[in-house]
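Hi,

Here's the structure I promised to pass on. Have a look at it first, and then read my notes below.

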Amino acid sequence: LRLAVMPSATRNVPPSAVLDAAIRIVRARALHSRDVDWNRLEPELHAMAKDAKVPVDVYPAIRMLLARLGDHHSFLMEPSAARQDQAEGGPSSPVVVALKPGGIGYIDMPGYAGMQAQARRAFVADVVGSIDRIAGQARCGWVVDLRRDIGGNMLPMLSGLRPLLGDQPLGSFRDADGKQSPFGAANPLDKALPRGPELQHAAVAVLLGPHTASSGEVVAIAFRGRPNTRSFGQPTAGLSTGNTGFGLPDGSRIFLTTSVDVDRTGQAYGGKLQPDQPVAAALATGGDPTLDAAQAWLASSCTR
């Protein structure tokens, strides 16, 4: 049991206002809004919420609304979690940057949650600084391991990999009307983030797997079309779409799928990313065939 004290400003918000705001946002912005039978769905949602006394009572209706979109990516974040998301930030597991035998740099990039600026800057500075420390010894290229990248806030992840990605546009998000919004590793919200060493011409092997999801798939797409780059592993989770956050009157937020991911060559995704070189998952007996295949490719093309 968890007790949460709601801010007084949201206690008196009519639950109908929260549901109506959610419907209005989804109708206007959802990627698949045009596929919804709104004349049928809206009465269902209001019927579900007819006895609502407080905003939390309409959350089941909002979750059903998002489920009916069929994008498998949109979700509702309740007020306490939304406040935490704005106030904190950090990776889902520790980042690993290491030098492998044979002069190969290795970066294990996890997911990242939260929007707090100071935490984002510290994360990016740590990753870029760690890359810089071994860059001179990584003569045979880099492995970027995204198999634990479950998504979240894409900006710290991309900015941390800026030495390998550079400052050019890396892809875009295309909405239901065909409008494209470009993205890159140079964070426009924080121009003071470190650039790091110039490694845009280094060979890169990208590792993918079923836990590479959402913004983790954006990071993978950022490497699509990059010269001297090859991906290895298993297909990704299949959430290669863009979510946009929208605040509701009670402090909750909808993270709504509003676009599909597009790489720098113009290829649009929306589902699973297939690796360039499929590799079977590791057996319970141990070993890492995906990493082995990536290192073999880097070694074979290394001129030292």
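Serine 214 sits in the loop that joins strand 9 and helix 9 (helices, H or I and at least four residues, and strands, E and at least two, are DSSP runs numbered from the N terminus). Before we go on: this is a predicted model, where local features need pLDDT of at least 70 and side-chain atom pairs count only at pLDDT 80 or more, while totals for chains, interfaces and linings use all residues. Residues are numbered from 1 along each chain as its sequence is written, and side-chain values use heavy atoms, leaving out hydrogens and water.

Most residues other than glycine have a negative phi. Serine 214 isn't a glycine, yet its phi is positive, about 55°. Is Serine 214 buried or exposed? It's buried, with a relative accessible area of 15% (buried means under 20%, exposed over 50%, partly exposed in between, using a 1.4 Å probe and protein chains only).

Asparagine 228 also has a positive phi without being a glycine, at about 60°. You'll find Asparagine 228 in the loop between helix 9 and strand 10 (229–233), and it is partly exposed, with a relative accessible area of 41%.

Helix 2 covers residues 15–29, and its end C-alpha atoms are 21 Å apart.

How do the axes of helix 2 and helix 4 cross? They come within 10 Å and cross at roughly 10° (axes are lines fitted to C-alpha atoms, for helices over the stretch in contact, with angles from 0 to 180 degrees between N-to-C directions). That makes the two helices roughly parallel, a label for angles under 35 degrees. On helix 2, the contact (heavy atoms within 4.5 Å) is made by Val18, Leu19, Ala22, Ile23 and Val26. Helix 4 contributes Ala61, Ile62, Leu65 and Leu66.

**The cores**

The largest nonpolar core has 39 residues, and Trp142, Phe183 and Phe223 have the most contacts inside it (a core is a set of buried Ala, Val, Leu, Ile, Met, Phe, Trp, Tyr and Cys residues joined through side-chain atoms within 4.5 Å). Helix 6 gives the largest share of this core, seven residues. A second, separate core has 27 residues, including Val13 and Leu69.

Technical notes. The expected span of a helix is 1.5 Å times one less than its number of residues. Angles under 35 degrees count as roughly parallel, over 145 as roughly antiparallel, 65 to 115 as roughly perpendicular and the rest as oblique.
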